[in-house]
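Here is a short tour of a few local features, written for someone who likes to check geometry by eye. Have your viewer ready and follow along.

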Amino acid sequence: MTAQRSRRDLVLRGAALAAAALVLGGGSRSVEAKDYATRREALDELDRLAGSCRARLERVRGSRAAAEELVSRFLSVLRRHRATREDVRRRLALPAGVDPAPASGDVDADLGGLRQSLDDLMVAYAESLPVFGDSHVVSLLAVEMVAVSKLRTVIDLWVAREEA
Amino acid sequence: MTSPRRAFIRSAFINAGASMAVFRFLEGSGEALPRSEETDIAILNAALGLENEAIGRYGDALARDLVPSGLREYAVEFKGAHEGHRDTQVEILRERGVTAAGPHNVDPIREASAGDGVLRRLLSVEAAAESAYLRLIGQIRTNDYLLSAGFIVVDEARHQTIWRRVLGLSIY
């Protein structure tokens, strides 16, 4: 087995682990993994996916008054993460990121959609870790990946409660 | 006084005979680990000890019917996830030509009846596992293990979040 093949198998196994957890948790994901070619590509993708989460959160806030406190906290977490990614870009001598900030009109207020967006962001964090090759950056981004996992779980529990 | 989280990690390392250099690093009293194949294997063995300890604690709680009714499904799911984490890391060790240690004896949970005390024990298992992986992940050298560790730690975070919600504790 080649090193590349071996790595791919492990990627798929890791994704399968997470996918199994999501099946139990009510989510779904195809068992595929992405390789990032450069650190900049990975950071750009994280910015893009986080922007999508922010847009969905704004839509949820607009449609559910009771969600105000939760949405504010989530947005605050995502803002801190964006600042961290900018710090990482500076550390790695990369150009500043471009805030994609998609218009919230492009997305709906569906909680399942928000859960999927947070899931996509969490997976992108996990898949991007190998490209950085810097212990400090990996540790920083792993902490933020875990925070996104927690946000995703809160939404997952909310979806389950509404479906019950 | 030793926190339940530290007690869990100490118990796992002692029971599994895992690397004391890794243990000291986790406790904040050791030096940074060199990024090397040997470090990866030491981390894998340590993580395996943590997973076996978690599997043992969940197994004990389930066998003695200590998980409150209505939450048993979560405990079964989380035990299964830890078994998946164990199997992944056993396989990574095997691919490096290392035979993984088998499960070790795990001290039984102190509580004698189902309730919040047991849930707090299980929460401490997840919190300890998450903090250990987060402390170690930057020390991992190889991409395949780094990627798997990433997927494992988001699982631990999910478990921890659910137990915190059940216990009415804050998430952030």
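Ala93(A) sits in the loop between H3 and helix H4 (111-132) of chain A. Please keep in mind that this is a predicted model. The phi angle of Ala93(A) is near 60°, a positive value in a residue other than glycine. Ala93(A) counts as exposed because it has 6 C-beta neighbours inside 10 Å.

| Residue | Phi | C-beta neighbours inside 10 Å |
|---|---|---|
| Ala93(A) | near 60° | 6 |

Now for the helix pair. In chain A, the axes of helix H2 (residues 39-63) and helix H3 (residues 68-91) come within 10 Å and cross at roughly 165°. H2(A) is therefore roughly antiparallel to H3(A). Their crossing is left-handed. Residues making the contact include Leu43(A), Leu46(A) and Leu57(A) of H2(A), along with Val71(A), Phe74(A) and Leu78(A) of H3(A). By class, the contact residues of H2(A) with H3(A) comprise eleven nonpolar, one polar and seven charged.

Finally, the core. The largest nonpolar core has 86 residues, and among those touching the most other members are Met122(A), Val22(B) and Leu122(B). Leaving aside residues up to four places away in sequence, Leu122(B) touches Arg57(B), Tyr58(B), Ala61(B), Ala75(B) and Trp163(B).

Methods
Residues are numbered from 1 along each chain as its sequence is written. Chains are lettered from A and ligands numbered from 1 in the order in which they are written. This is a predicted model: local features need pLDDT of at least 70, side-chain atom pairs count only at pLDDT 80 or more; totals for chains, interfaces and linings use all residues. Axes are lines fitted to C-alpha atoms, for helices over the stretch in contact, and angles run from 0 to 180 degrees between N-to-C directions. Helices (H or I, at least four residues) and strands (E, at least two) are DSSP runs, numbered from the N terminus. Angles under 35 degrees count as roughly parallel, over 145 as roughly antiparallel, 65 to 115 as roughly perpendicular and the rest as oblique. A crossing is left-handed if the near helix is turned anticlockwise from the far one by less than a right angle, and right-handed if clockwise. Two residues are in contact if their C-beta atoms, placed from the backbone, lie within 7 Å. Ala, Val, Leu, Ile, Met, Phe, Trp, Tyr, Cys and Pro count as nonpolar, Asp, Glu, Lys and Arg as charged, and the others, Gly among them, as polar. A nonpolar core is a set of buried Ala, Val, Leu, Ile, Met, Phe, Trp, Tyr and Cys residues joined through C-beta atoms within 7 Å. A residue is buried if 20 or more other C-beta atoms lie within 10 Å of its own, exposed if 12 or fewer, and partly exposed in between; C-beta atoms are placed from the backbone.
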